[in-house]
Amino acid sequence: MATAWVDFKKLKADVAIEQVLAHYGVHLRRIGATELRGRCPLPTHTSARSRDSFAVNIARNVWSCRSLSCMQARGGRPGGNILDFVALMEGCSIRDAALRLQGWSGAAPERFIVPRESRPDPIASENPPLRFALQYIDATHPYLTSRGVTPHTVRTFGLGFYMGKGLLRGRIVIPIHSQSGELIAYAGRAINGQEPKYRFPAGFRKSLVLFNLHRALGTEARTVIVVEGFFDTLAVHQAGYPAVVALMGSTISRYQAALLSMHFDRVVLMLDGDEAGRQGARNIADTLGTRISVSALSLDDGRQPDELTPRELQQLLAASAIATLDQDPATRM
Ligand SMILES: [Zn+2]
C-alpha cells in the first residue's frame with residue numbers, strides 16, 4: 001500500500017460526502033437544499049448534550065461539529081472535508097484515509113481500471129451493486145415537469161436533481177438497477193445543454209443492462225416494449241405500459257438480447273423516428289433472430305417516444321397488439 005498512487009484532489013472532487021456518510025451508516029436529516037444535520041458520529045464526540053451539532057454541506061462536500069469538546073479533541077478545528085472525516089473515523093493518516101476511500105468508493109484512478117478487452121467473461125464482470133444511494137435529490141425540479149414527467153413517475157423511478165459534489169453535480173439523476181432490482185449506477189442527464197448529455201460512472205457497462213428490466217419483470221408480461229432512452233421509458237410507462245425497457249442507445253448487445261429472450265416471448269421495438277433508429281431496429285431484429293418474436297413500430301420522421309402524448313403512444317401500441325407475431329420486422333419499417 002505504501003507505494004499506491006492516490007490523487008487527493010480528484011478524490012475530494014469525485015466522492016460525494018453522502019457516499020462517505022452512507023459507508024459509515026450515518027443518517028442525518030435534511031435542512032434546506034444543501035445542508036444535513038444530526039448527531040455527530042465522530043469518535044472525538046463525547047458530549048451527551050450536543051445531539052444536533054453535526055452539520056454537512058453537500059454542495060461544498062464538507063462537514064462540521066460545533067460541540068466544544070469534540071472540536072478540542074480535533075485540535076480546535078470546527079470541521080473539514082471527506083478525507084478529514086475518514087481519517088477521524090478510522091484513526092489513520094489523511095493519506096491512508098484517501099487510500100481507503102479510493103478502495104471502497106470505486107473512485108480508483110482510471111489507469112487502475114482493467115481495460116475491457118482483457119476482462120475474461122462478460123458475466124463475471126457484471127456491474128456490481130452500488131454500496132450507497134443518493135439520499136438528497138430534488139424530486140420537484142422543474143426540468144422533470146418540462147419533460148412531461150409526472151410526480152408519480154418521478155417517485156416510481158426515483159428521479160431528481162442532484163446538488164451534491166462529484167460527477168453528477170447539477171444533473172438529473174436516474175437510478176439504474178440490475179434485473180434483480182439492485183441499484184448499480186446512476187445516469188446523470190444534463191439539463192441545460194452541457195456535454196455530454198448523459199454521464200455514467202467510470203466502469204459502468206450499459207451493454208450488460210436493460211434499463212427498467214426489474215420493473216418490467218414485476219408485471220409478469222410476456223411482451224416487452226423496447227425503447228432507446230430513459231425518457232422514452234418514462235413516457236411509455238406513464239402511458240400505461242409498465243413492461244418497457246431501454247437499451248440506452250439504438251444498438252443491442254448480445255447480453256441485452258439474451259436478457260430479452262430469457263424473460264419475454266415477444267418484443268415490440270419503438271425506436272426513434274430517424275435513420276439511426278430505423279437502422280437500429282433492423283439490426284436488433286437480426287440479433288434477436290428467431291429466438292423471440294419481434295415487431296417494430298414506425299415513428300414519424302424526427303419523432304421519438306418521449307415526445308409523444310400518452311394518447312399517441314396508446315394509439316401506436318394498440319395497433320401493435322394486433323400485428324402478426326411472426327411478421328418479418330424488416331418489412332414493417
Ligand atoms: Zn462532534
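In this predicted model, a zinc ion is held by four residues: Cys40, His45, Cys65 and Cys70. The model also contains a nonpolar core of 35 residues, the largest one, and apart from it lies another core, of 29 residues.

**Zinc site**
- The coordinating atoms are SG of Cys40, ND1 of His45, SG of Cys65 and SG of Cys70, at 2.1 to 2.3 Å from the zinc ion.
- The angles between the four donor atoms run from 99 to 119°, so the arrangement is tetrahedral.
- Along the sequence, the donor residues follow the spacing C-x4-H-x19-C-x4-C.
- Cys40 has a relative accessible area of 9%, and since buried means under 20%, Cys40 is buried.
- Cys65 is buried too, at 0% relative accessibility.

**Largest nonpolar core**
- In soluble globular proteins, nonpolar side chains tend to be buried together.
- The residues with the most contacts inside the core of 35 are Leu159, Ile176, Phe211, Ile225, Phe230, Val236 and Met270.
- Helices and strands both contribute; among the elements that each supply at least two residues are α7 (151–157), β8 (171–177), β11 (223–227) and α12 (310–321).
- Helix α9 gives the most to this core, with five residues.
- Beyond its neighbours within four places in sequence, Val236 is in contact with Ile225, Val227, Tyr241, Val244, Met270, Leu313 and Leu317.

**Other core**
- The core of 29 residues includes Val15, Cys65, Cys70 and Tyr136.
- Of these, Cys65 and Cys70 also coordinate the zinc ion.

How values were computed. Residues numbered from 1 in each chain as written. Predicted model: local features only at pLDDT ≥ 70, side-chain atom pairs only at ≥ 80, totals over all residues. Heavy atoms only, no water. Donors = N, O, S within 2.8 Å, 3.2 Å for Na, K, Ca; no water. Tetrahedral: all angles 85-135°; square planar, octahedral: opposite > 155°, others 65-115°. Buried < 20%, exposed > 50% of the residue type's maximum accessible area, 1.4 Å probe, protein only. Core = buried A, V, L, I, M, F, W, Y, C linked by side-chain atoms within 4.5 Å. Helix = DSSP H or I, 4+ residues; strand = E, 2+ residues; numbered from the N terminus. Contact = heavy atoms within 4.5 Å.
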